[in-house]
Amino acid sequence: MNDGASSFLGMEQLEQFPHLQQWLGLAVAGTVELGHIVESPVIRAATSLVPLGWNGIPGDKNAEPLKVDIAGFGLHLCTLVHAQVNGRWCSTTVESFPSAPTYSSNYGEPLELQKIRVIVGAPLRQPPKHQSIADSLLSMFPTIDSDGVNLSGQNIFGLSQQKKFLRPESLSNFFIFCTSDFSTVFKEVHVRTRRVRLLGFEGAGKTSLFKAILGQGKLTTLTDIENLHLDTDIQEGIAGGLCYSDSTGVNLQELTAEATRFRDELWRGIRDLSRKTDLVVLVHNLSHRIPRYNHPNSSNQYPALSLLLNEAKALGIPWILAITNKFSVSAHQQKAAIDAVMQAYQASPSTTGVINSCPYVIPSAASASLSWSVIGEESDGKMGVQKFLSAPINLVRRPFQRKDTIFPMEGINSLSRLVNHVLQSQEEASMEEFARDRLEVELAQERARKLDRHPESRAKASAKTAAAVGATFGAGVGIVLAVVMGAASALRKP
């Protein structure tokens, strides 16, 4: 601003206010030195994992805290961070704010990517002051549907799978708000549910264990199941903030094919986090013998399921051993049988759970003989039920007969705690992996949108690529011709 611009918006009246002129610096130097223009923060990605023990209420003391990783630019300018979960405002705690970057005179330098981790607490009794601003932002800028964005036919990794993430309904609408001194920006939080895969032979008790885990969990609903494209023989459910997956038992007759299929499934999860297996639960029935196979490079025999388990170990996927049907073995033989199974699979006591996933009934001698006589058919064609009804009832002896022994379900909660303990040790790596994957997707989307907005830049990029390919091809042809001409001239010499 100089003296020649004093006629703009009544600046000629400044002569009547000397103190205002001095405050603006006009009376001293006649010009005003403009500082750096502070831009609004930019959130590129916001990710979170469903907390262990999640029951639908943020900040619940029985569940792990809800953590959100935010990546973007200018996040050091944020003074307030709030979260909205399913329309309810929740308290937040920022673990650490990033330090302010050192600005230089070279404005062409790329901005420094900053990260913030936010802990979302219990719902607030009163909404924050900027609630009206945030609600207006949500109404003015709805969530962008990536499927409706034109990506110029580019095969961008991860874009087609971003809607397949399975998550509880209580986290279907999750937004994070960052407020600076001048503006408020928001971003939808992408949530991932960790997956636990049950693995075992037919009759090992996988399905009963699957139902028992879902039964003792408070949340057993599926979300967006139509977008999963799962196989028909796979059942999935959410309990305690985890997605448990059950499928048909491993076919021992096709063990090699089963191992190949299991390896392909695990590799699909490495490439696509929406299908990643975070933990494998090896299920073995204590009353069953352990099938073994002969290793081609060794004379020793190994458990057949170790062929599939080695595929998970090779990818660094943790696993635990679940021994079911614990009451099928007498009490004095139980410990020896359990130790034999643990030794066969080389499992430690800290990663082994012994459970009874369904009520186990030991019939008495009288009830067993009665059940056979009732069910069986007599030689004269009469059913056992008819014979039982026509027979006289001994009203004196029946009340004193021994009743069936029923052992209740046992060990489900301890197995769930073991699963949570193993996954909690891997939580930090899982959060970093998910945040990195989501950031790559967001940046790829941003590049695609820029190309769609500026077709000439895309044409220039294609022209540069074609020119580079042409130059490379021409150089290669020139080298080949030089070699051929040199060889021909050498042959012409006497």
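Author: A strand and a set of aromatic rings follow.

Author: This is a predicted model, where local features need pLDDT of at least 70, side-chain atom pairs count only at pLDDT 80 or more, and totals for chains, interfaces and linings use all residues. Residues are numbered from 1 along each chain as its sequence is written, and side-chain values use heavy atoms, leaving out hydrogens and water.

Reader: Which way do the side chains of strand 11 point?

Author: In a regular strand, side chains alternate between the two faces of the sheet. Here Leu 242, Tyr 244 and Asp 246 point one way, Cys 243 and Ser 245 the other, and all are buried. Strands (E, at least two residues) are DSSP runs, numbered from the N terminus. Buried means under 20% relative accessible area, with a 1.4 Å probe and protein chains only.

Reader: Which residue of strand 11 is the bridge partner of Gly 237?

Author: Tyr 244. Val 196 also has Tyr 244 as its bridge partner. Strands pair if DSSP finds at least two bridges between them. Strand 9 pairs with strand 11 in the parallel sense over four bridges. Strand 10 runs antiparallel to strand 11, with five bridges.

Reader: How are the rings of Trp 89 and Phe 177 arranged?

Author: A ring pair is described by the distance of the centres and the angle of the planes. Rings of Phe, Tyr and Trp (its six-membered ring) pair with centres within 6.5 Å; planes under 30 degrees apart are stacked, over 60 edge-to-face, the rest tilted. Trp 89 and Phe 177 are tilted, at 5.1 Å and 45°. Phe 177 and Phe 186 are stacked, at 5.8 Å and 25°.

Reader: Why does Phe 177 count as buried?

Author: Because its relative accessibility is 0%.

Technical notes
Buried means under 20% relative accessible area, exposed over 50%, partly exposed in between (1.4 Å probe, protein chains only).
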